[in-house]
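Welcome, and please load the model in your viewer. We will go from one selection to the next, with a short note at each stop.

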Amino acid sequence: MTETALSAAMGLLFAAGVAVVVDAPGRILLGLGAALFLAQTARDLVLRPRLSAGPDGVRVRRVAGGVHLPWGPLRIGVRETRRLGLRTPTLELDTASGPDDEGVLVVLGRRDLGADPAAVARRLRELDPRA
């Protein structure tokens, strides 16, 4: 939630800067920055919580609607990638049963989850009735 609050504050600060800056290119850049920060804040507020689990499976909220992943075919994993010298863990939820089955793959990062992906994966495994 702190990222959402920071994004909102930056958006409002950039929007206030539009009124202060006198040159047109600066106003355009600040206006675009404000729009991006405020859009990200709105996305965070609308889509949270992104992930919820129940006895029948996991529900993931997306911009284009939610998707339900039943426990049966669900595989839960954490993948850590290195990019630009930073390690980034992501939670992977996959329902594919084999190479010919497309299934559904959902990848969520720490910002999407609001918590460490490894901790969320452990909690989902605890909630999984198959365990």
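Start by selecting strand 4 (residues 75-83) and strand 5 (residues 86-94), which pair in the antiparallel sense over nine bridges. Two strands count as paired if DSSP finds at least two bridges between them; helices (H or I, at least four residues) and strands (E, at least two) are DSSP runs, numbered from the N terminus. This is a predicted model, in which local features need pLDDT of at least 70 and side-chain atom pairs count only at pLDDT 80 or more, while totals for chains, interfaces and linings use all residues. Residues are numbered from 1 along each chain as its sequence is written, and side-chain values use heavy atoms, leaving out hydrogens and water.

Stay with this pair and pick Thr81: its place is opposite Thr88 in strand 5. Then move to the turn of the hairpin, where two residues lie between strand 4 and strand 5. Which residue there takes a positive phi? Click on Leu84, with a phi near 55°.

Next, show the side chains of Arg87 and Glu80, which form a salt bridge at 4.0 Å, N to O. The term stands for a side-chain nitrogen of Lys or Arg within 4 Å of a carboxyl oxygen of Asp or Glu. Arg87 is exposed, at 55% relative accessibility; the classes are buried (under 20% relative accessible area), exposed (over 50%) and partly exposed in between, with a 1.4 Å probe and protein chains only.

How many salt bridges does a search of the whole structure find? There are 10. For two of them, center the view on Asp112, whose side chain meets that of Arg43 (3.1 Å, N to O). Asp112 is in helix 3 (residues 110-113) and Arg43 in helix 2, so you are looking at a link between distant parts of the chain, 69 residues apart.

For the last stop, follow helix 2 (residues 24-47) to Leu32. Together with Ile28 and Leu29, Leu32 makes a nonpolar surface patch of about 330 Å². Patches are made of residues with over 30% relative accessible area and no salt bridge, joining like charges within 9 Å and nonpolar side chains (Val, Leu, Ile, Met, Phe, Trp, Tyr) within 5 Å. Accessible areas come from the Shrake-Rupley method with a 1.4 Å probe, and for residues only the protein chains shown count as cover.
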